[in-house]
Amino acid sequence: MLLLDWLIVGAYCVIVTCVGLAFKKKGEGGVDDYFLSGRKLPWWLAGTSLVATSFSADTPLFVSGLVRKNGIAGNWHWWFLMLASVASLFFFARLWRRARIVSDMEFLELRYGPGAGAVLRGVKALFVGVVFNVYALGAWPVLGLSKVMSTVTDWSKIYTVLFCSGLALVYTASAGLWGVVVNDFIHFAVAMAGAFMLAGFAIHAVGGFPGFWEKIHNLPETAFFPSHTPEVFWSSPLVFFFSLVLIQWWARGVEGDGVAVQKLSACKNEKESFCAML
């Protein structure tokens, strides 16, 4: 990396840190202010944060790998989740805001009572908070982050994880949800600008759109639906496709995960939570 590259990285780190410190006072009013932005989050900021959260460091690597191995149809690994998103939009977005809870775990105790419901809430909180978020879900973006940073900067994986986690900890711990969603907005803008620039460079490298289309339009990998055996557990493309479309989308949870629930609960009202999910 050149000096200009390091200056851009340094400026980015300063900006996200300053954002967290700037919103520090907004998170000091209590539990709702810290974890739910005082339930005053505008729909466009909550919605952008939801999208940005799903566009973490591992996502471009994961999707690129799917397309490289299985063609365009490999995207059905995650395209099928749009069905769950539609269900969340029309059936659950307003209800989460109406429940006035801080987290989705809190809903378990409200639903099943202070006895068994409290036990279930505690067990699931430990499982999701420690096992799933740290060792399963958390491992994906951290692995993607370490791969990108170690390639671009020659940093070691340990140093990369410690530095980036420490930077995120500063603005999340300082300002709570306000610091997270505002920085998510910045992250998303940077990520989208970079994605479009990379696409432009890639198209230019193959001679523009005419050259690009000439190279790919007859390839089987450009099929929208699975037309060849994907490198997964199933041998039949049809079984692979329908298992995703008919089963996986609701098995993954149509009601929304903890990240979505927190941001929908932080919206100003039910209408804003609906617009955020939309």
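**Core and helix packing in a predicted model**

Trainee: Which residues have the most contacts inside the largest nonpolar core?
Mentor: Leu 41, Leu 45, Trp 178, Val 181 and Val 182 do. That core has 17 residues. Keep in mind that this is a predicted model.

Trainee: Which elements give two or more residues to this core?
Mentor: Helices H3 (43-54), H6 (81-99), H11 (177-205) and H14 (258-265). The largest share comes from H11, with four residues.

Trainee: OK, Val 182. What is it in contact with, leaving aside its neighbours within four places in sequence?
Mentor: Val 19, Phe 23 and Leu 45.

Trainee: Which residues make the contact?
Mentor: From H3, Trp 44, Leu 45, Thr 48, Ser 49, Val 51, Ala 52 and Thr 53. From H11, Trp 178, Val 181, Val 182, Asp 184, Phe 185 and Phe 188. By class, the contact of H3 with H11 has nine nonpolar residues, three polar and one charged.

Trainee: New topic, H14. Which residues are buried there?
Mentor: Ala 260, Val 261, Lys 263, Leu 264 and Ser 265.

Trainee: What do the buried residues of H14 pack against?
Mentor: Several helices: H2 (31-36), H3, H6, H7 (104-112), H11 and H15 (270-277).

Trainee: Last one. How do H8 and H9 pack?
Mentor: H8 covers residues 116-137 and H9 covers residues 139-153. The angle is about 25 degrees, with the axes 5 Å apart. H8 and H9 are therefore roughly parallel to each other, since angles under 35 degrees count as such.

Trainee: And which residues make that contact between H8 and H9?
Mentor: Val 134, Tyr 135, Ala 136 and Leu 137 of H8. H9 brings Ala 139, Trp 140 and Pro 141. The contact of H8 with H9 has seven nonpolar residues, no polar and no charged.

How values were computed: Residues numbered from 1 in each chain as written. Predicted model: local features only at pLDDT ≥ 70, side-chain atom pairs only at ≥ 80, totals over all residues. Heavy atoms only, no water. Core = buried A, V, L, I, M, F, W, Y, C linked by side-chain atoms within 4.5 Å. Buried < 20%, exposed > 50% of the residue type's maximum accessible area, 1.4 Å probe, protein only. Contact = heavy atoms within 4.5 Å. Nonpolar A, V, L, I, M, F, W, Y, C, P; charged D, E, K, R; others polar. Axes fitted to C-alpha atoms, helices over the stretch in contact; angles between N-to-C directions. Parallel < 35°, antiparallel > 145°, perpendicular 65-115°, else oblique.
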